[in-house]
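Visitor: I would like to learn how to read the inside of a protein model, starting with its core and moving on to a helix and a pocket. Could you take me through one?

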Amino acid sequence: MEIVIVGAGPIGCYTAQLLKKYGIKSFRIIEEHAEVGKPVKCAGIVGKPVFDDSLIPLSSGSILNRINGASFFYRGDSFKIERSDVALVIDREKFDKELSRGLEVECGIKLLEVEGEQYKGSRYRLKTDQSDIWADVVIGADGPRSRVRKFIDSKGNNGNSIGDSDSPGPEETNFYKGVQYRIKLEDEFFSRDMTRVYIRDGIPFFVWIIPEGDGIIRLGVISENGRRELEKIIEEEGIKGEIIDRLAGIIPLGLCQSVYRKVAVVGDAARQVKPLTGGGIYYGMKAAEILVECIREGKLAEYDKRWKSKFGREIKFGLWARKVYERLNKSEHGLEDIFLLFKENAKFIERAANFENHSLVFREALKRPKIFAKAGKILWRNLGKILF
């Protein structure tokens, strides 16, 4: 059985390392870029469980800083959430390269198209800009605009993703643009272990400042006019320094069919992304573990069902919460009401919040009548905008 993994980002490499770990050696991994880890398209902050829960040892050499909480800002008001060692700032290029260590990654090969089963459904042809590659199993870890996922989507209900004829076709995905600057500060006046989150009217996510260390910050935003928003923050906060790097990326949010017969997608290609923050490494790694488990058991058709049963509900909740947040952002006092609710309950959030499972704090809030009642009033006042 020949397995071909398309994409040597962290999830593609993690999948390959798991195959090696369990003695599956007949695989190839191809990558369209000239080297692993470039270009960087990620904010570079992960929850501690990315390292703690990994099934293979991850080197701490890529960790640049440890984060102990966040300060939140909205229209001159602010509050703080503190949690020791809640997140890690990583060098994404180094993180990816360390994950690829020991793998024979074939760089500079761009997938153009996946063609359907040949020879009575036993093989797939991957057309690349170099030559054709034949595979028994195809794993797409090729990012938001995945060509492997495009093949799965084209099959719709003709596939057999969960073992029956009623498998869902492609579902709606929203794509968001992210932009980030790395700035070497003239004066290091930001906290070295606290991120800063700016809630802003008119943008779907938020602006962030991540302290990388050595006087460098990462200033980023997910927005259609990202560079304009960053320039506003630079001016408002009086940030002085040299922009030493710029990066941009796409965040895909939604749910989609993630397997068709012997073709599967994982990570951003499968929309395994936290809808409230846009982070995808942790979910991608957990899904990769399930994917490899299904391959080992000869039950690839169960992959979609298994990973969605584990954290699909969390993604669905996040998509709902994101929709509510974006609708409230369009109301006159929606963001202000939400910000004040969070500020009043900062200590509760500090205890209950989970970096990887955002619904946990909401489930705990339901057990507290005062929080639940106030949140209900905010939603009721804005019901029309939320529904329509």
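**Core, helix and pocket**

Guide: This is a predicted model, and we can begin with the largest nonpolar core, where, of 47 residues, Ile3, Val50, Phe51, Val266 and Tyr303 touch the most other members. Helix α6 (residues 281-297) gives the largest share of this core, 11 residues, and apart from it lies another core of 25 residues, among them Ile67, Ile81, Phe339 and Phe348.

Visitor: Which residues does Phe51 touch, not counting those up to four places away in sequence?

Guide: Its contacts include Leu58, Ile63, Leu88, Ile90 and Phe95, and also the serines Ser59, Ser60 and Ser62.

Visitor: How should I read a helix such as α1, and is it mostly covered or mostly exposed?

Guide: An α-helix has 3.6 residues a turn, so residues three or four places apart point the same way. In α1, 10 of the 12 residues are buried, and what covers them includes β1 (3-6), β2 (27-31), α3 (92-99), β10 (137-140) and α6. At 1.5 Å a residue, α1 (residues 10-21) should span 16 Å, which agrees with its end C-alpha atoms being 16 Å apart. Just after α1, Gly23 takes a positive phi of about 80 degrees.

Visitor: What lines the second largest pocket?

Guide: Rolling a probe the size of a water molecule over the atoms shows where empty space is left. Here the second largest pocket holds about 280 Å³ of space and has 12 lining residues, with Glu172, Asn174, Leu253, Gly254 and Leu319 nearest its centre. The lining divides into five nonpolar, two polar and five charged residues, and α7 provides the largest share, five residues.

How values were computed
Residues numbered from 1 in each chain as written. Predicted model: local features only at pLDDT ≥ 70, side-chain atom pairs only at ≥ 80, totals over all residues. Heavy atoms only, no water. 1 Å grid on protein atoms, 1.4 Å probe; cavity = no way out; pocket = protein on both sides within 12 Å on 5 of 7 lines; lining within 4 Å. Points joined across faces, edges and corners; volume = space filled by probe spheres on them. Helix = DSSP H or I, 4+ residues; strand = E, 2+ residues; numbered from the N terminus. Nonpolar A, V, L, I, M, F, W, Y, C, P; charged D, E, K, R; others polar. Core = buried A, V, L, I, M, F, W, Y, C linked by side-chain atoms within 4.5 Å. Buried < 20%, exposed > 50% of the residue type's maximum accessible area, 1.4 Å probe, protein only. Contact = heavy atoms within 4.5 Å. Expected span 1.5 Å × (residues − 1).
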